[in-house]
Amino acid sequence: MSSENPTVSRRTFLAGSAAAAVAATAGCTGKADRSSEPTPSGDREVVHGNCWICRAECGQEITVEDGRAINLTGVDGHPKASAGQDREGTLCSKGMAQLEKTYNPNRITRPHVRKDGELTAVSWDEAIEYAAEKLAAFHQEHGPERLLRYQGYPIAKHPWHNLLFKNLYGAPLKVGRKTTCHGPFSTSWEWMSGYGREWPDWQNSEYMIAWGRNVMECFRGQYEPKAILDAKENNDATLVCIDPRYTKTAQKADKWIPIKPRTDGALALAMANVIIEEDRYDEAFVENHTHGFEAYREAVEDKTPEWAADITGVGADEIREIARGFADAAPSSVVLPWTGLTFQQNGFKNCQNLHALNGLVGNIDREGGTRQWKSASLADPHEKYDLDVPSNHENAPNPADYDDYPFQKHGIRNVSHNLVPRAVRDGHIKGMVSNWSSPPKSGNTQEWLEAIEEMELVIIVDAFWDSDSKRADVVFPGASQIEQPFLKTGGDSSYSTKTWVTGSKAAIDPIGDCKPDYQIYKLLAEALAEEMDTDWDKYFRWESGEAYWDDQLDAIDMSFDELDTQSFAIVSDLEYEQWKGEDGESDFDTVNGKFNFDLDVVEKYAELAEEMGASTAPEWHPPDDEHYGETTDDDDYPLLYNDVFVEQINRGHDQAIGRSVKAYQARYDMEDQGYDGNLLHINPEDAAKRGIQSGDMVRIESTDDEIELMAHVYEGIRPGRVVSLSGFGDTSAHPDGAGANTMILNRERHVEPVTGMTARNHPVEVEKTGGGN
């Protein structure tokens, strides 16, 4: 780190908590020695901020000295940064890295446009005028339906991207997180229970199953791991971790189940078999508030623990023990799948099977079970000024009839991430506007790079040079999260029965010519209004994002200044069992008002399932089924590879730098190897067969491509499986491209067929290429 970068010296989540032992084994930073904090040299103040690195909104206290941010910590009592009222606020290592990212020399600090084939730094006036002219010409020549909206994580916080490009410009097509992160989880849950904001009520639970979900380090807020630790301490709760990898969650679990990859659905069905056969399910809930139980019962009738043991590698007695513990603790029990399942080719069915367990024991929106979180209701600022925001976009059409993709053919998803390059080649997508993301890191990398080159117009808002921003026609330098204001209402948090709002002003002025998102889209709306002879500028009538949010907060009789001063506010009560209507009848936000074990009531899915020869009820689909992926029963590619997240770095497009990479390397005692990239974690048994030792460079080869990484021989990986960290290689984190982009191994066909989700499991072979550096 250069001498100009600030020194971060503050507590992180694991410090000072029951998880201190994990910190000792994982190379995490402990609570800071306050004597190491910088000595004041001028005007110093502490202001508030919010971290949206993993979409969690953790409240920050930011120490600013002479206009420079020098220190970060969490806000005490914050619904996302703490375990609740009067509890210490903390930040994870990703949140702490925001100082380093803000002052990173690889930041984009000036607008750029493409001139004579080269990106050239220009003034804001020239960049905005250039972009407006290009967008107007694109609209006239191709129509807005040929422009793709690619959405990164800040979209949910900053609505200006959708307001301009969806509502006003009229671009209907988008790629969101349902095909790059959580589609099989959220789509199945939406159809079964109503999507809302379902998430565990961890702090009140008595039996928690983190299934393919590394809660202790890849969290949606600091409250999640703290809530689990509270439940273990206060409720004597049991934590079961089902994951082929020995994660920090596995370290803290009462039981770690290293299941065979992609067999999760079979284990869930066997658990249901035990719960139903032994009459441990919630009969009243099932009878009165669910649909399709008989189909579910029939589906699991022969799915005994012995049957599942052969498939999953989990012993039959252990399956019975987990099933009984989960059912007996209900409704204060919960199972939550996440990316460990959503990244699988058979992820939708596996997620459906897991969600069904929650309905079976009746833990839906009950204390200690799942929670149907809701956000506080704020005002619509446009209504205050009688501004009726238009919907110039038509319902998003399928860009083409790709009959070989069931999700697209049946209207479940109009376009998925991996399918975009094909739509570009076919002329159905001609351009893209992308906000704070890095599409080539989310799947089908090589074809995505070619597609970006082929698109006629690419506009990027981001803070760092990356493989996509380097290929863009217009690059707008976005302010970092501590350089722009923020507002978010929320549900899932450390306050089980409350809604809340959190917000903050910019802590410091943006570096160089960077601008907050609102200012970028306001300038662009004004230029497009003139260029296209529209009135779109009136929908950006506010001088700043703060002014817009000030009008939103009228609904709770609070100003943005007041919220910024206190960081967050508790807004309203949130009752349990929101799925009950006034008469006590079922009122789930589903097509039939019921919790659905069987999805035959979802017409588009029923049509898809019939075509694929699948059941609409829970069902076991092997990962080597013709619709669901590839097998590793191949002498040429005998290992199963996928990429993973860790605490230090868990988003390719938001990857942390310097300190975070060093912490990741130190976690595995690899910091002295002279290598700053991602590691290939491989079991000793598999390494020995190939003559591989920690520190060796290895080639990972799939049927599509190959990458090279440094090996780390590690017993925490199940034999037959190898993993590495996502987000490296030609990234904003490393200007020199250290490590490898794992999605180079991914191609168009690697998708889950129901939701279009990028499938990140690949049969590979690993070969030693040289000794360590």
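## Stop 1: charges over rings

Select Arg 541 and Trp 542: the charged end of Arg 541 sits over the ring of Trp 542, 5.9 Å from the ring's centre. For a charge to sit over a ring, NZ of Lys or CZ of Arg has to be within 6 Å of the ring centre and within 35 degrees of the ring normal. Now pick Arg 760, which lies over the face of Phe 343 at 4.8 Å from the ring centre.

Before we go on, some housekeeping. This is a predicted model, where local features need pLDDT of at least 70 and side-chain atom pairs count only at pLDDT 80 or more, while totals for chains, interfaces and linings use all residues. Residues are numbered from 1 along each chain as its sequence is written, and side-chain values use heavy atoms, with hydrogens and water left out.

## Stop 2: aromatic pairs

How many aromatic pairs does a search of the whole structure find? It finds 35. Rings of Phe, Tyr and Trp (its six-membered ring) pair if their centres lie within 6.5 Å; planes under 30 degrees apart count as stacked, over 60 as edge-to-face, and the rest as tilted.

Select Trp 160 and Tyr 548, an edge-to-face pair with 4.8 Å from centre to centre and 90° between the planes. Trp 160 belongs to helix H5 (residues 160-168) and Tyr 548 to helix H21 (residues 545-552), so this pair links distant parts of the chain, 388 residues apart. (Helices, H or I with at least four residues, and strands, E with at least two, are DSSP runs numbered from the N terminus.) Both Trp 160 and Tyr 548 are buried, where buried means under 20% relative accessible area, exposed means over 50%, and partly exposed is in between (1.4 Å probe, protein chains only).

Tyr 296 is in helix H11 (residues 293-300) and Phe 597 is in the loop between strand E21 (595-596) and helix H23 (603-612), so the pair ties together parts 301 residues apart in sequence. Tyr 296 is buried, at 0% relative accessible area, and Phe 597 also counts as buried at 0%.

## Stop 3: an antiparallel sheet

Switch to cartoon view and find the open sheet of 3 strands in the order E1-E2-E3, paired antiparallel. Strand E1 (44-51) and strand E3 (68-74) are at the edges with a single partner strand each, so one side of each has no neighbour in the sheet. From one strand to the next, the twist averages 30°; axes are lines fitted to C-alpha atoms (for helices, over the stretch in contact), and angles run from 0 to 180 degrees between N-to-C directions.

Two strands pair if DSSP finds at least two bridges between them. Strand E2 (residues 58-65) is joined to E3 by 6 bridges. Click on Val 64 and then on its bridge partner in E3, Ala 69.

## Stop 4: a parallel sheet

Which way do the strands pair in the open sheet E11-E10-E9-E13, parallel or antiparallel? These 4 strands pair in parallel. Strand E11 (255-257) and strand E13 (333-337) are the edges, each with a single partner strand, so one side of each lacks a neighbour in the sheet. Here the twist averages 15° from one strand to the next.

Strand E9 (residues 207-211) and E13 share 5 bridges, and the partner of Ala 210 in E13 is Leu 336. Now show helix H13 (residues 316-329), which lies across E9, strand E10 (238-242), E11 and E13, at about 125° to E9.

## Stop 5

Select helix H7 (residues 223-234). Its 12 residues reach 15 Å from first C-alpha to last, close to the expected 16 Å (1.5 Å times one less than the number of residues). H7 is mostly covered, with 9 of its 12 residues buried, among them Tyr 223 and Leu 229. Just after H7, Asp 236 takes a positive phi of about 55°.

## Stop 6

Glu 447 lies in helix H19 (residues 445-454) and is buried at 18% relative accessible area. Leaving out residues up to four places away in sequence, Glu 447 touches Pro 421, Arg 425, Arg 747 and Glu 748; contact means heavy atoms within 4.5 Å.

Finish at Ala 376, in the loop between strand E14 (370-373) and helix H16 (381-384). Ala 376 is buried at 7% relative accessible area, and its C-alpha is 9.3 Å from that of Asp 573, 197 residues apart along the chain.
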